[in-house]
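This briefing sets out selected computed features of the model shown below. The points are grouped by topic for reference alongside the coordinates.

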Amino acid sequence: MSIGIAATATYLPENWISAAEVSEASSIPEEVILQKFGLRGKHIAAPDEHVSDMSVEAASRLLGQQDIDPVEIDVVLYYGSLWKDYPVWQAAPWIAHRLGCVNAYALEYANVSCGTPVALRLARNFLLAEPELGNVLIVAACRESYLLDYTNERSRFMFNFGDGAVAGLLTRDAPHELLGCHALTDGSFSLQVKVPAGGSVEPASAESVAGQRHFLDVADPAQMKGGLDEVSLANFVSAARGAVERSGATLADVSYLCGIHMKRSMHEAIVEGLGGPRAAYLDDTGHMSGVDSLLALDRAARAGELHDGDLVLLLAAGTGYTWAAAVVRW
């Protein structure tokens, strides 16, 4: 039995800020934003636009484009940003309700930037394990731009974070078969990147708000960079190799890479490490947590960059730290 991607759709907020505006907010030279960060600009959600809203918009587009009745959806799986409309709350039931997916089980896999490959893996396995299910609608959104403190130099590597959403429909016998998936985690980095306050370790208080403790921060940037520099490229390649080998292929068979937005030098190193496949680079959106790689796939498909039989690698990594990959036969 094969499981695959039947359709995808995306949503990007109307507001877009340029590299020059990021430069002005952060005091980082515009040329550095453009060349080193690899960022021309990114979309920013409206103040009243939350991850549930963006997820509903992306999913509504998918259902409309495919002329699918929402009542036919069996599972709605949200796998987007951990920073949602409310701090202790599931987005999936609200998204399913607003879409009219009245027969769907709402499932939450709230994760970070490694989201898409793992969500594809979970959705496929869900369909394989429960033959009575016909489809899974996966949705993700990111609003991380609102967690940035541009005055905090410790978090500058995250200044490429932008906002957006994506949706995908997985079914049996879909035209684009989901093949092997693989992931690996190094938990030694788990406390490096976080919003320090607002959880049980440091509950919200007047002091935490005054101290800007509710924005993304990095505990020890030098230690984190040093550690990641040693393992990140190798782990990206290892995740990719594991996924393609589980697909009965090799890295040399990969036709197209859909990754996450990162600094240009690392992106180029990964492409080289994978043998030089054609690759998406999201320099006009920045990094949108778990959204990136599925959004890159949607863009490539709509642009006619994918051809029948292409082996497409979806590759991602997220704080925690987890590196994950999934392979789709186009």
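In the classification of lining residues, Ala, Val, Leu, Ile, Met, Phe, Trp, Tyr, Cys and Pro count as nonpolar, Asp, Glu, Lys and Arg as charged, and the others, Gly among them, as polar. By these classes, the lining of the largest cavity has seven nonpolar, two polar and no charged residues. The model is predicted: local features need pLDDT of at least 70 and side-chain atom pairs count only at pLDDT 80 or more, while totals for chains, interfaces and linings use all residues. Residues are numbered from 1 along each chain as its sequence is written, and side-chain values use heavy atoms, with hydrogens and water left out.

**Cavity**
- A search of the whole structure finds one cavity of 30 Å³ or more; a cavity is a set of points, on a 1 Å grid over the protein atoms alone, where a 1.4 Å probe fits but cannot get out.
- The largest cavity holds about 70 Å³ of space, where a volume is the space filled by probe spheres set on the points, and grid points are joined across faces, edges and corners.
- Its lining consists of Phe-236, Leu-257, Gly-259, Ile-260, Met-262, His-267, Ile-270, Ala-280 and Leu-315; lining residues have an atom within 4 Å of a point.

**Aromatic and charge–ring contacts**
- Five aromatic pairs are found in a search of the whole structure. Rings of Phe, Tyr and Trp (its six-membered ring) pair if their centres lie within 6.5 Å, and planes under 30 degrees apart count as stacked, over 60 as edge-to-face and the rest as tilted.
- One of these pairs, Tyr-321 with Trp-323, is tilted, at 5.4 Å centre to centre and 35° between the planes.
- Ring pairs join Phe-189, Tyr-321 and Trp-323 in a cluster.
- Tyr-321 counts as buried because its relative accessibility is 11%, and Trp-323 is likewise buried at 0%. Buried means under 20% relative accessible area, exposed over 50%, and partly exposed in between (1.4 Å probe, protein chains only).
- Arg-143 lies over the face of Tyr-146, 3.8 Å from the ring centre; the criterion is NZ of Lys or CZ of Arg within 6 Å of the ring centre and within 35 degrees of the ring normal.

**Backbone geometry**
- Most residues other than glycine have a negative phi, and most peptide bonds are trans.
- The peptide bond from Gly-320 to Tyr-321 is cis, with omega near 0°. Tyr-321 belongs to the loop between β13 (311-318) and β14 (322-329); helices (H or I, at least four residues) and strands (E, at least two) are DSSP runs, numbered from the N terminus.
- Ser-27, in the loop between α1 (19-26) and α2 (30-35), has a positive phi near 65°. Ser-27 counts as exposed because its relative accessibility is 65%.
- Ser-289 also has a positive phi, of about 50°, and is found in the loop between β12 (278-279) and α9 (292-302). Ser-289 is buried, with a relative accessible area of 6%.

**Helix α5**
- Helix α5 (residues 115-129) has 15 residues and reaches 21 Å from its first C-alpha to its last, close to the expected 21 Å. The expected span is 1.5 Å times one less than the number of residues.
- Among the buried residues of α5 are Val-118, Leu-120, Arg-124 and Phe-126.

**Chain separations**
- Ala-6, in strand β1 (residues 3-11), has its C-alpha 5.5 Å from that of Leu-169, 163 residues apart along the chain.
- Gly-199 and Val-244 are 45 residues apart in sequence and 38 Å apart in space, C-alpha to C-alpha.

How values were computed. On a 1 Å grid over the protein atoms alone, a cavity is a set of points where a 1.4 Å probe fits but cannot get out, and a pocket is an open set with protein on both sides within 12 Å along at least five of seven lines; lining residues have an atom within 4 Å of a point.
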